[in-house]
Amino acid sequence: MDDNADQQHLTAAPGYAQDQLAKAFTTALTHQDADTRRRAEGRVKRWRAVLAGMSGGLLTIGSRTPVTGFPAWVTPEVVHGGFATGTPGAGGPLQPYETRLAEQFGVPADRRALFAHCLTDTGLTWLWGQLNSGRYEVTVPCC
């Protein structure tokens, strides 16, 4: 057996994802509770993204880098069973604290600008200060 993790991955069949999509779709249409239906609609959207990514070649489920074009350090959004959706886990609209930081740093309110700022000397000094002080919270898994 080859122990090199970068070389190993299994190709997943779409059947599991199709079953999960069907379950979520049924719940979204038939559950009595409106909040449960709303959450199921979100699952439907994510499972559809998985299936579209698998069929379109964007996703290689089981790979250490499952999303084509994402560097290995980008944590993808993952649904039940370890299936990547094709979007970054830290994607989506800016969180309120990110908007405040963009304003504080004097950069446009988007992640690319925030990340670029944090790679400057000033930004790295701020990041090291956060790490050294312990005044931070990780809300998205890194690995």
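A22 is partly exposed, at a relative accessible area of 42%; the class lies between buried (under 20% relative accessible area) and exposed (over 50%), with a 1.4 Å probe and protein chains only. The model is predicted: local features need pLDDT of at least 70, side-chain atom pairs count only at pLDDT 80 or more, and totals for chains, interfaces and linings use all residues. Residues are numbered from 1 along each chain as its sequence is written, and side-chain values use heavy atoms, without hydrogens and water.

**Chain**
- The chain has 5 helices and 2 strands, where helices (H or I, at least four residues) and strands (E, at least two) are DSSP runs numbered from the N terminus.
- Along the sequence these elements follow the pattern α-α-β-β-α-α-α.
- Buried residues make up 27% of the 143 in the chain.
- Among contacts (heavy atoms within 4.5 Å) in the chain with a separation of 6 or more, 37% join residues 24 or more positions apart.
- The accessible surface, computed by the Shrake-Rupley method with a 1.4 Å probe, is about 10,100 Å², and carbon and sulfur atoms account for 56% of that area.

**A22**
- Helix α1, residues 15-30, contains A22.
- Between A22 and W47 the C-alpha to C-alpha distance is 9.2 Å, with the two 25 residues apart in sequence.

**S63**
- S63 lies in the loop between α2 (34-56) and β1 (76-79).
- S63 counts as buried because its relative accessibility is 19%.
- From S63, the side chain reaches the backbone nitrogen of T65 at 3.1 Å.

Methods:
A polar contact is a pair of N or O atoms within 3.5 Å; within protein, one must be able to donate a hydrogen and the other to accept it, and residues adjacent in sequence count only if both atoms are side-chain atoms.
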